[in-house]
Amino acid sequence: MSGRRYLPWIIVCAVLLIWGTGWFKAAVNPYSTWNYPVPDLHNMISKVAPVVSKPTPEGAVFSFTWLSYTGSGMLIAAIISAS
């Protein structure tokens, strides 16, 4: 039995350890985030007193941070392990 059988698990652990850090997310999210306003909800609800001094529309924007999701890290780890 060789130690190579553990290599895919070591790769998964290493990749996901990096993927979960704040500095990695801060590095990739500005380039890989899709923001889109939710139709029929964006700016339709207003914040009012006592939360704010004057009524302010509340934005409803969905941020799709696809590259920093754990599943993307798993895919990258699988591709590295397969080669």
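Leaving aside its neighbours within four places in sequence, I11 is in contact with A77, I80 and S81. Contact here means heavy atoms within 4.5 Å. This is a predicted model, in which local features need pLDDT of at least 70 and side-chain atom pairs count only at pLDDT 80 or more, while totals for chains, interfaces and linings use all residues. Residues are numbered from 1 along each chain as its sequence is written, and side-chain values use heavy atoms, with hydrogens and water left out.

**The core**

I11 also belongs to the largest nonpolar core. Its seven residues are I11, V12, V15, W19, F24, V28 and A77. A nonpolar core is a set of buried Ala, Val, Leu, Ile, Met, Phe, Trp, Tyr and Cys residues joined through side-chain atoms within 4.5 Å. Buried means under 20% relative accessible area, exposed means over 50%, and partly exposed lies in between (1.4 Å probe, protein chains only). Which elements give two or more residues to this core? They are helix 1 (7–19) and helix 2 (22–32). Helix 1 supplies the largest share, four residues. Helices (H or I, at least four residues) and strands (E, at least two) are DSSP runs, numbered from the N terminus. In soluble globular proteins, nonpolar side chains tend to be buried together.

**The rings**

The whole structure holds seven aromatic pairs. Rings of Phe, Tyr and Trp (its six-membered ring) pair if their centres lie within 6.5 Å; planes under 30 degrees apart are stacked, over 60 edge-to-face, and the rest tilted. Two of the pairs are set out here.

| Pair | Centre to centre | Angle between planes | Type |
|---|---|---|---|
| W34 and W66 | 6.3 Å | 35° | tilted |
| F64 and Y69 | 5.7 Å | 75° | edge-to-face |

W34 sits in strand 1 (residues 33–37). W66 lies in the loop between strand 4 (61–65) and helix 3 (70–82). The two are 32 residues apart, so the pair links distant parts of the chain. W34 is exposed, at 56% relative accessibility. W66 is partly exposed, at 33%. F64, at 29%, is partly exposed, and Y69, at 34%, is too. Ring pairs join W34, Y36, F62, F64, W66 and Y69 into a cluster.

**The salt bridge**

How many salt bridges does the structure hold? There is one. K47 pairs with E58, and their closest N and O atoms are 3.4 Å apart. A salt bridge is a side-chain nitrogen of Lys or Arg within 4 Å of a carboxyl oxygen of Asp or Glu. K47 is in strand 2 (residues 45–47) and E58 in strand 3 (residues 56–58), 11 residues apart. K47 is partly exposed at 36% relative accessibility, and E58 is partly exposed at 33%. Side chains of opposite charge can pair when their charged atoms come close.
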